[in-house]
Amino acid sequence: MSNNFLSWKANYDTLKERKGPFFTVSSVPIDPLYAPGHTVDIDYQRDLGNPGEYPYTRGVQANMYRGRLWTMRMFAGFATATESNERYKYLLSQGQTGLSVAFDMPTIMGYDSDHPRAYGEVGRVGVAIDSLQDMETLFQDIPLDKVSTSMTINAPASILWAMYIVAAEKQGVPANKLTGTIQNDILKEYIAQKSWIFPPDPSMRLITDIFKFSKDNVPKWNTISISGYHIREAGSTALQELAFTLADGFAYVEAGIKAGLDVDDFAPRLSFFFNSHTDFFEEIAKLRAARRIWARHMKGKYGAKNEKSLLLRFHTQTAGCSLTGPQMENNIVRTAYQAMAAVLGGTQSLHTNSMDEVLALPSEKSVQIALRTQQVLAYETGVTNTIDPLAGSYFVETLTNQMEEGAEEYFRKIDELGGVLGAIRENFFQQEIADAAYRYQKEIESNDRIIVGINGFVNEKKDDKMELLKIDPEVERAQVRKLIALKQSRDNIRVQTTLTDLKEAAKGSDNLIPKIMDSVRAYATEGEIIAVLKDVFGEYREQAVF
Amino acid sequence: MNKTRIRVLVGKPGLDGHDRGAKVIARALRDAGMEVIYSGLHQTPEQLVEAAIQEDVDLIGVSVLSGAHMTIFPRIKELLKEQNAEDILLMGGGTIPEEDIEALITAGHVEALFTPGATTTEIVSWIRERVKLYE
């Protein structure tokens, strides 16, 4: 530090400081001031690079938002395919530029709407999709060669992807024209989101089958969205979100290579998904560090030659876990700040939460405000006028470096535990997350962390009642009736034949995607296909820790 | 019956896997000196009630974030009644709108519901007040 800085600091130390503490969410202490001395070791070419140039700290494209804005992609889905189709059309009419499908819990867990386990849950957190018929309805009058669609589905991803591809086929759109993403990230399920079905090995086989099938048949598709969002929502710090997500990413790279692929065959189609939480600068630093870490490891450790294999492209969602029930309108403000952080962090795609998502799925009014939040950001604030505007900031570059160092430390720990799968077995991630979640809650309860409306600026008067989206129980009954009718009208011999073929293939090592597509074409249901795979693969059981 | 510690089953019924709240509560109750059994995920109401009876708990705390609360709480209460285990209290939390909370409590399907923003301190107090320990 320069003498100039030291004399400033000496004076600062004599002044009153308001009540702290001054830490990031990841418990990194924040100095009152950052100055040239903090970033004196940074080398522009080595550590930042220009946008679109290694190590991509400043962005994955040379022109970023000067070329094209991020995709405004609102996660949506509820009740049946008919209602969700209407919501998608509404969102497209309001200016969103990409689709994102939210499925209901039965679909997520591989159960049909008529399964006893599905009772009370059909259409409640997302759309109910039981078969190809529902997928066709979901995209009725939405040309699949003109939109890109992200589907948040993990354990049954292969099936929903097959349904989408076949639905497109029926629209006359060939698979090689399709653009979109399937989340398909099972590792973070074991770690955080917990919507698993099968054990790790067969799950990884399904994922590498998807990598392989995509390469030759659906080349414009992002085969995976390696996610930190859920890890963060489960309670992790920003640093843990960064480290655990990238560790998962490396595990998928290793799985693809082990399955016989060349890294450049599939790495260009790996994508990521991060949270944008409320500590503004920490989130920006996290995203910039993520790009740099990925590029360095892909080039150095995995020897990728194709430049596209080095690019960490990502979608971001603003933090659901930061929203409050009391004074719900404040959530609009939180979401706006978080959206800005995501954009200053260089996201390719963004979902902004609606204010009422604390208690229900978004109403039409709330989701419009959430979309407008992105549009105001894009068109009114000017932050998109130049690329990576915060580069060179003494604070942001210091934080970015600290994030990278912290992540590397975590990678070492994870390696010691035998990699991601070993660490999952040891409950390493799960315990880190539970500890961080507990610590965060305790910080709030001791008023070390103020959340407006919760433990600060609390209203005496009760809030005005909000019109929330309600799912009519009739939705479940209607969906079940439709399913029964489908099972009666389809060629059940053909369904059984395809399922038998699939079962045989599952026991071997053939790529399962073509066989799944055959079953899907015959209108086999998701539950029927999953049941066959469960028979062969078994089910996962966790050893819960808290 | 000699009992010095409150016994609680923290449960996650249904298909929803979001366990952050349930785990934070479980830990807070354990820190407050209670004996806590965590059911794990994807439990049916039948499985929860069976575990509650087997573990001889004073209270079941249930976390529901999937919107299925109007089905799940009544079902658990119904099963407790069927098995003559009505002395086991039922409380919970999750993404439950105000009017549904009122409806569930008024109809006697649940004793109390704590939504996002409630503190672990509040919940511990409520439990200590409601659960009677016998000398």
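A: Start with the order of elements: along the sequence, chain B reads β-α-β-α-β-α-β-α-β-α. Keep in mind that this is a predicted model.

Q: How many helices and strands does chain B have?

A: The secondary structure of chain B amounts to 5 helices and 5 strands. The radius of gyration of chain B is 14 Å, close to the 14 Å that the globule rule gives for 135 residues, so chain B is as compact as a globular protein of that length. Its C-alpha atoms fill a box of roughly 40 × 35 × 25 Å along the principal axes.

Q: What share of chain B counts as buried?

A: Of its 135 residues, 51% count as buried. As for contacts in chain B with a separation of 6 or more, 71% are between residues 24 or more positions apart.

Q: Which elements make a β-α-β unit, and of which hand?

A: In chain B, β1(B), α1(B) and β2(B) form a right-handed β-α-β unit. Strand β1 (residues 7-11) of chain B runs parallel to β2(B), and 4 bridges join them. Across this pairing, V8(B) stands opposite V36(B) in β2(B).

Q: Where do the side chains of strand β2 of chain B point?

A: They alternate along residues 35-38.

Q: How many residues of chain B are in contact with chain A?

A: Chain B has 26 residues in contact with 31 residues of chain A. On the chain B side, the elements giving two or more residues are α1 (20-31), α3 (69-82) and α5 (120-130). The most come from α1(B), with 5 residues. By class, this side of chain B has 9 nonpolar, 12 polar and 5 charged residues.

Q: Turning to chain A, how is a helix judged to be covered?

A: The step is to count its buried residues, a residue being buried if 20 or more other C-beta atoms lie within 10 Å of its own. Helix α8 (residues 186-193) of chain A is mostly covered, with 8 of its 8 residues buried. Among them are I186(A), L187(A), K188(A) and E189(A).

Q: What covers the buried residues of α8(A)?

A: The covering elements of chain A include α9 (200-217), β6 (224-227), α10 (229-233), α11 (238-258), α17 (419-425) and α18 (428-445).

Q: What phi does K194(A) take?

A: Just after α8(A), K194(A) has a positive phi of about 65°.

Technical notes
Residues numbered from 1 in each chain as written. Chains lettered and ligands numbered in written order. Predicted model: local features only at pLDDT ≥ 70, side-chain atom pairs only at ≥ 80, totals over all residues. Contact = placed C-beta atoms within 7 Å. Nonpolar A, V, L, I, M, F, W, Y, C, P; charged D, E, K, R; others polar. Buried ≥ 20, exposed ≤ 12 C-beta atoms within 10 Å, placed from the backbone. Pairing = 2+ DSSP bridges. Right-handed = clockwise from strand over helix to strand, strands pointing away. Rg over C-alpha atoms; globule rule 2.2 N^0.38 Å.
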